[in-house]
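Subject: Structure handover

Hello,

Here is the structure for you to look through. My notes follow below it.

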Amino acid sequence: MNRDDDKKYFHLMVERLREISKRPIKLMEVCGTHTMAIGKSGIRTVLPVEIELVSGPGCPVCVTADSDIDAFMGLARDHRVTLVTYGDMMRVPGSAGSLAELKAEGADIRVAYSSLEALAFARSEPHKEIVFLGVGFETTAPATAHAVKSAVAEGLQNFSVYNLHKTVPLAIRALLAGDGVQIDGLILPGHVSVIIGEAPYAFIADEFGVSGAIAGFEPPEIMAAIVRLAGDINAGAPRISNIYPKAVKPEGNVVAQGLLDEVFAPGDAEWRGLGVIPGSGLDFREAFTSFDAAKRFAVERREVRLHRGCSCGEILKGMIKPSDCPLFGSLCTPERPIGPCMVSSEGTCAAYFLYNDDANIVERGRP
Amino acid sequence: MTETIRLAHGSGGEMTSRLIKEIFYAAFGGDVRDANDSAVLELPRGRTAFTTDSYVISPMFFPGGDIGKLAFCGTVNDLASVGARPIALAASFIIEEGTTFEDLRRIAGSIGEVSRATGIPVVTGDTKVVDKGSGDKVFITTSGVGSIPDDIDYHPRNIRPGDAIIVTGSIGDHGYCITALREGIDIKSAVTSDCAPLHGLVEALWPFGAHIRAARDATRGGVGMVLNEWAMQSSRGILIHEERLPVKDEVAGGTALLGLEPIYLANEGKMLIAVSPEKAAEVLDCIRAHPAGADAALIGNTGDDKPRVVLETAWGTQRLVPVPRGEILPRIC
Ligand code: SF4
């Protein structure tokens, strides 16, 4: 499709949505990439008033628990290791500053785009302990698994992973089973689904009677997902649809799944806002535990609760909007973030702050 | 052996005199024997514009220009932004030890070239040499004075509801060109920096008098930054249309790959003009008739009294154009 066809299709979808929207519907986009794409495309400004979009727990930085933030900060602070991280983590505030601040104070912290860069550091600087901060869902976890396997093959002794990887479906289950959460439909993450396929979402419709649509990230794709969900919800026929078939195969990426299964086993993980969800973490299997930086460096993980007043937890469950947080836009801004939701390029608060000040949109038809 | 600048060239002695004579006087014209501590200018009566800017761009040479041409045009454009006709410029150089004479000659040469082409003289200047590692080859500070006609007052406070916003050509070329160069993207055949003097274009708008409310060259932070400043300074909302923004195909494609937005990329030869709705069409024609404004476009209007910038996207949706945040791109000019 060329751009003009895309636009026609988009407008068709908008019209269709207006026709079928009769009662209030609350949809959650699970994934932070969708949150940003929705913000940036301004889709909310053409939605019928009946349709409300809320953001979910699918921003890896945002769901990182305070205890984990403080734990890896501690590891970076005592200067025994070189910490390699995705850029988004640099400015997340811990109880004693951020990684960016630690770096300015002299800690060896480096930003990388992939785990393989961290591996390259380990290769070229054998006298240094390179620790990769493994953050992300099924999208980035296979790359971490691959890096670990490469390290085994090459006999690299100075490479390890501080492992915070998590899996999405169990978080969705915890969310739907939780109190006070009222969601009619889910826009499911395209990138995660590329890896895991359709099957892991079946319970959403079967057990909770909620519809889901696996969606791409372009405005017409997101709009198509919203229309599909609204139709399903009106019809009272919950189901999981894959409307991103050009990228997502029903069975997902079997090779990546095999890699994950070889290196990791399900473990408990703490999610901001959702608490500990059994089985939602990716622990190293026996054969790979020597790559676990938490063990190698005996990292202490203490219970902490940072940032009183920060409502990231409620926001990640779609219970409140960022603008409902008393700190939003006043004490908490992208320059001086209080919570991780304002830091990450996929964070809900950042997306609202940058693009979605609903009240600010120019009256239609007026210059 | 290639001749390089040494610390002694900045000592103020014989070697400094030689440097000034062989490089700067040779390039800018004038007679060394007339040299004095200050240039003495005769200014027309009325208001005088006075501006200064420093240039640290890396790399120093890029498709479409170099740090010299950039330093000259940048200051000329700052004068043009307030509607002034540039009268004279000053140029000061901080040179790192080890910079080649050849590079310096090339940079001074391109200043001389635009100076002759525009008829705006470089009348005074200075050179300092710093030891290796204390600078990065060449930094230039240019200052300029210009005179403003009595009936011209370009300032964002003049902006009124319904005014049209015009951009004088394709956006993001300079920023994209420099970024692509640094990222090692091959842009030989495609986009060059738009570095150019715009005072002629602005002078062509003088006859429209107070219908021209404000003008500003959209350098660091790009069109997005200037529009946000205007929104704040005029206490007006501004609505622009994505589909009307003139963006070259290569820039659109390349920025998408790099995760950048053309609206925030630096320009070095593009003005934003706010003009009254009555004269918008005429002003646009006038700009397009000028060689520096062939691709000009009317991109939006000012509106209500909530100061912010809103973009109507190609999808017909609307979103805020936030003030660019964090480090945009270091050493882009
Ligand atoms: S606005 Fe800031 S403090 Fe409030 S929930 Fe978002 S990140 Fe936390």
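First, a term. Axes here are lines fitted to C-alpha atoms, for helices over the stretch in contact, and angles run from 0 to 180 degrees between N-to-C directions. Helices (H or I, at least four residues) and strands (E, at least two) are DSSP runs, numbered from the N terminus.

This is a predicted model, in which local features need pLDDT of at least 70 and side-chain atom pairs count only at pLDDT 80 or more, while totals for chains, interfaces and linings use all residues. Residues are numbered from 1 along each chain as its sequence is written, chains are lettered from A and ligands numbered from 1 in the order in which they are written, and side-chain values use heavy atoms, with hydrogens and water left out.

**A helix pair in chain B**

Helix 2 (residues 67-81) and helix 3 (residues 101-118) of chain B cross at roughly 40°. Their axes come within 7 Å. Helix 2 of chain B makes the contact (heavy atoms within 4.5 Å) through B:I67, B:G68, B:K69, B:F72 and B:C73. Helix 3 of chain B brings B:I107, B:S110, B:I111, B:V114, B:S115 and B:T118.

**The interface of chains A and B**

Chain A and chain B bury about 2200 Å² between them. That is the accessible area (1.4 Å probe) lost on being put together, summed over both. Carbon and sulfur atoms carry 55% of it. Chain A puts 28 residues into the contact, and chain B puts in 21 residues.

The rule finds two salt bridges across the interface (a side-chain nitrogen of Lys or Arg within 4 Å of a carboxyl oxygen of Asp or Glu). In a salt bridge, the side chains of A:K7 and B:E243 meet at 2.5 Å, N to O. On chain A, the elements giving two or more residues to the side that touches chain B are helix 1 (3-20), helix 2 (32-41), helix 10 (219-235) and helix 14 (348-355). Helix 1 of chain A gives the most, with five residues.

**Two backbone points**

Most residues other than glycine have a negative phi, and most peptide bonds are trans. The peptide bond from B:S58 to B:P59 is cis, with omega near 0°. B:P59 sits in the loop between strand 1 (47-55) and strand 2 (61-62) of chain B. A:A298 is not a glycine, yet has a positive phi of about 45°. Look for A:A298 in the loop between helix 12 (293-296) and helix 13 (312-316) of chain A.

Best wishes

Notes. Buried area is the accessible area (1.4 Å probe) that two parts lose on being put together, summed over both.
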